[in-house]
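Reader: Could you walk me through this one while I look at it? I'd like to go piece by piece.
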Amino acid sequence: MAILIKHDGTIEPFNLKLLRQSRWSLMAQSRHRSEESDEYDGEVDFGAEFQSHDIELHCVTDDGLTVEEKYQRKVEISDTLNKLRNGDWLMLESNPGKKIFAHFTGRVQMEEYPSWLRVNIPLKLDPFWVSVEENEFTGISGTIENNGTYETPTIIEVLADSGSVENPSITIGEEEIKYNG
């Protein structure tokens with residue numbers, strides 16, 4: 001069960017409306033490390049470490065709820081969020097191909113008003129948006145380029161439209177994989 005934020009600001013599966021206070025940075029926080037040494041000129045760069053970050057979704061229910069309906073909505077929202085403690089995907093309808101792993105953290109805050117609820121949902125987001133990128137090559141030899149921004153696992157399939165593939169080889173960076181057969 002993923003969390004989907006729609007174009008109109010509706011958050012599914014909760015059927016809540018997102019408020020403007022729910023802004024968050026799309027760029028992950030990072031910690032950059034470098035040190036100076038007498039043995040080297042300048043600094044030695046140890047790279048950057050990306051960290052997860054916290055957000056809070058500020059939302060409201062529809063107006064016109066009875067006391068019983070407000071109670072029922074509280075129970076539904078709490079039950080759904082408890083299922084998200086181990087994490088699930090957060091997706092934006094405006095960017096359907098990408099998703100980010102989110103964990104429900106802490107406690108949901110619900111404020112009661114005469115005929116509606118204000119709900120604040122705390123989430124911890126992993127530092128990277130992810131998506132599946134598929135590239136296809138047809139022919140005898142050529143290059144497929146992966147334009148990602150971070151080192152990720154790769155799955156490569158060698159298929160024949162008809163007949164067979166003989167002695168295929170694949171080169172990734174400086175490494176070459178050969179299959180005889």
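Reader: Where is isoleucine 177 found?

Author: Isoleucine 177 sits in strand S12, residues 175-178, where strands (E, at least two residues) and helices (H or I, at least four) are DSSP runs numbered from the N terminus. This is a predicted model, in which local features need pLDDT of at least 70, side-chain atom pairs count only at pLDDT 80 or more, and totals for chains, interfaces and linings use all residues. Residues are numbered from 1 along each chain as its sequence is written, and side-chain values use heavy atoms, with hydrogens and water left out.

Reader: And is isoleucine 177 buried or exposed?

Author: Isoleucine 177 counts as exposed because its relative accessibility is 51%; buried means under 20% relative accessible area, exposed over 50%, and partly exposed in between, with a 1.4 Å probe and protein chains only.

Reader: Switching topic, how many salt bridges are there?

Author: The count comes to five, taking a salt bridge as a side-chain nitrogen of Lys or Arg within 4 Å of a carboxyl oxygen of Asp or Glu. In one of them, the side chains of glutamate 112 and lysine 74 meet at 2.6 Å, N to O. Glutamate 112 belongs to strand S9 and lysine 74 to helix H1, so this pair ties together parts 38 residues apart in sequence.

Reader: Which residues are joined into one network there?

Author: Salt bridges with shared partners join Lys70, Lys74 and Glu112. Glutamate 112 also meets lysine 70, at 3.2 Å, N to O; lysine 70 is in helix H1 (residues 67-82), and glutamate 112 in strand S9 (residues 109-112).

Reader: Is lysine 70 buried or exposed?

Author: Lysine 70 is buried, with a relative accessible area of 5%, while lysine 74 is partly exposed at 25%.
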